[in-house]
Amino acid sequence: MNIGKHILLTLILTLLVIFSLYSLFQNPSKSSDAEQAALAPVEDPWITQTIPPGGSIFSVLANLELPGTEIGMVSWRFGEYIDVSTIQPGDTLRVILNDTKDKISKMMFVQEPTVRHYFEAQGDSLIYAREALPVYKRDRIITGTLETTLDAALLSSGLSPADKQNVNNGLEGEIDFQTDARKGDSFQVFIEERVFEGKALPRAKILYVSYEGERTGFHELFRYESDDEESVLNGLYNKEGKSNNASGVGYPLSSIHVSSSFGRRLDPFTGGWANHQGVDYRAARGTPVYAVAHGTVTSARYNGGYGNEVRIKHPSGMITIYAHLQRSSVRAGQTVKRGQIIGRVGSTGRSTGAHLHFGLMSNGRYINPNRLRMVGAEKLNKAQMAEFELQKEKIRARMQNQSNTAVAKAE
Ligand SMILES: [Zn+2]
């Protein structure tokens, strides 16, 4: 018995020695190559930049010490595909430079782990491609009661800060929280979240919100969604189809994609730093441009770098500016209503492509138009309302389904 074990062990050891010797002689060059490769510094052609707090696409590109005109051009192309208002600290930009280090030959932008935006130089332009990893969508019901503030309650119920803000904005249009909110009030939020590698990604789709309190009564909001993903109408509405924040001004376009934001940027023409006195929205040539609020047209003319431009003075004294228009359809002195078409998107003046430049002036100074509270609609129209009714039923059915599943799990 003991001897048998000993023989077996010896046999195994002998086989192991033979095998190691065999592999050593079989492949001597390969193993030494691998060792050398491991020792030699690997040159990674990708330069990785992380967007810092308060940073922008311009600031990280400026770190690469490229000519200003190149940065201006790259940023312009970037903004055509990525809504720059969604850029957040922590997003990463990776680039490969050309041999002379004065041009970008490849660029990759990662905002969330599931989507990669690729840009590749071809001649003077950057070709865009998008790669998305599969995510699965999950419905979730969140309920809670008020202890101190709605903010605190929403956050502790597991909503991300961005989603919390949307719920908050929606409810603030319905309820006066200052006077009517009470400890013990209850709320329910129904979201569609995207799940990747077992974790929910931030920015869920908020489908339903309800709030109930002794002083506030019962309020419900439902998501309305049009066919266009970037439509300004997409969002929360109450049962009557009234917008959650109807007190704001309208958007100048029916769908919004910010291609360049307010503030310092590199000018694609001069290559120098310049203050961008407005917001650029990507839009196809000929897209209607709307007055954001009631007012009087103070000028409708060709204004140098701004091309065809319309300026409207509003009762508050603020002036809104709509530039690079293909043509304007209003005259100086004319009064306009909110939502009235004042012109069409174009690329007149100093412009690298079709877009709307939207500016805002207060007391003779340009201010960031983001400070305006912009809303898609005060109320959905008849056709939209019919669609909204159908969507509401679908949302209710999904919620019912979700609570059934939750009950089944609990049992
Ligand atoms: Zn602009």
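Predicted model: local features only at pLDDT ≥ 70, side-chain atom pairs only at ≥ 80, totals over all residues.
Residues are numbered from 1 along each chain as its sequence is written, and side-chain values use heavy atoms, with hydrogens and water left out.

View 1. The zinc ion is coordinated by NE2 of His 276, OD of Asp 280 and ND1 of His 357, at 2.0 to 2.2 Å. Donors are taken as N, O and S atoms within 2.8 Å of the metal (3.2 Å for Na, K and Ca), and since water is not among the atoms, sites may look incomplete. Along the sequence, the donor residues follow the spacing H-x3-D-x76-H. His 276 is buried, with a relative accessible area of 5%, and Asp 280 is also buried, at 2% relative accessibility; here buried means under 20% relative accessible area, exposed over 50%, and partly exposed in between (1.4 Å probe, protein chains only).

**View 2. Aromatic pairs around Tyr 237.** A search of the whole structure finds 12 aromatic pairs, where rings of Phe, Tyr and Trp (its six-membered ring) pair if their centres lie within 6.5 Å, with planes under 30 degrees apart counted as stacked, over 60 as edge-to-face and the rest as tilted. Tyr 224 and Tyr 237 form an edge-to-face pair, with 6.0 Å from centre to centre and 90 degrees between the planes. Tyr 224 belongs to strand 10 (residues 217-224) and Tyr 237 to strand 11 (residues 235-238), so this pair ties together parts that are 13 residues apart in sequence; helices (H or I, at least four residues) and strands (E, at least two) are DSSP runs, numbered from the N terminus. Tyr 237 also forms an edge-to-face pair with Phe 388, at 6.0 Å centre to centre and 65 degrees between the planes. This second pair links distant parts of the chain, Tyr 237 being in strand 11 and Phe 388 in helix 8 (residues 382-410), 151 residues apart. Tyr 224 and Tyr 237 are both buried, and Phe 388 is buried with a relative accessible area of 0%.

**View 3. A ring cluster, and charges over rings.** Ring pairs join Phe 78, Tyr 81, Phe 109, Phe 119 and Tyr 128 into a cluster. Elsewhere in the model, the charged end of Arg 264 sits over the ring of Trp 273, 4.1 Å from its centre, and the charged end of Lys 392 sits over the ring of Phe 222, 5.6 Å from its centre. A charge is said to sit over a ring if NZ of Lys or CZ of Arg is within 6 Å of the ring centre and within 35 degrees of the ring normal.

**View 4. Strand 18 and its partners.** Strand 18 (residues 295-302) pairs with strand 21 (residues 335-336) in the antiparallel sense over 2 bridges, two strands being paired if DSSP finds at least two bridges between them. In this pairing, Gly 295 stands opposite Val 336 in strand 21. Strand 18 also pairs in the antiparallel sense with strand 19 (residues 308-313), over 6 bridges, and here Tyr 302 stands opposite Asn 308. Strands 18 and 19 form a hairpin with 5 residues between them, and Gly 304 in the turn has a positive phi of about 55 degrees.

**View 5. Salt bridges between separate parts of the chain.** The count comes to 21 salt bridges, each being a side-chain nitrogen of Lys or Arg within 4 Å of a carboxyl oxygen of Asp or Glu. Glu 230 and Arg 282 meet through their side chains in one of them, at 2.8 Å from N to O. Glu 230 lies in the loop between strand 10 and strand 11 and Arg 282 in strand 16 (residues 279-282), so the pair ties together parts that are 52 residues apart in sequence. Arg 282 is partly exposed, at 30% relative accessibility. The side chains of Arg 194 and Glu 112 meet in a salt bridge of 3.0 Å, N to O; Arg 194 is partly exposed, with a relative accessible area of 22%, whereas Glu 112 is buried, at 17%. Glu 70, Lys 103 and Asp 124 are linked in a network of salt bridges.
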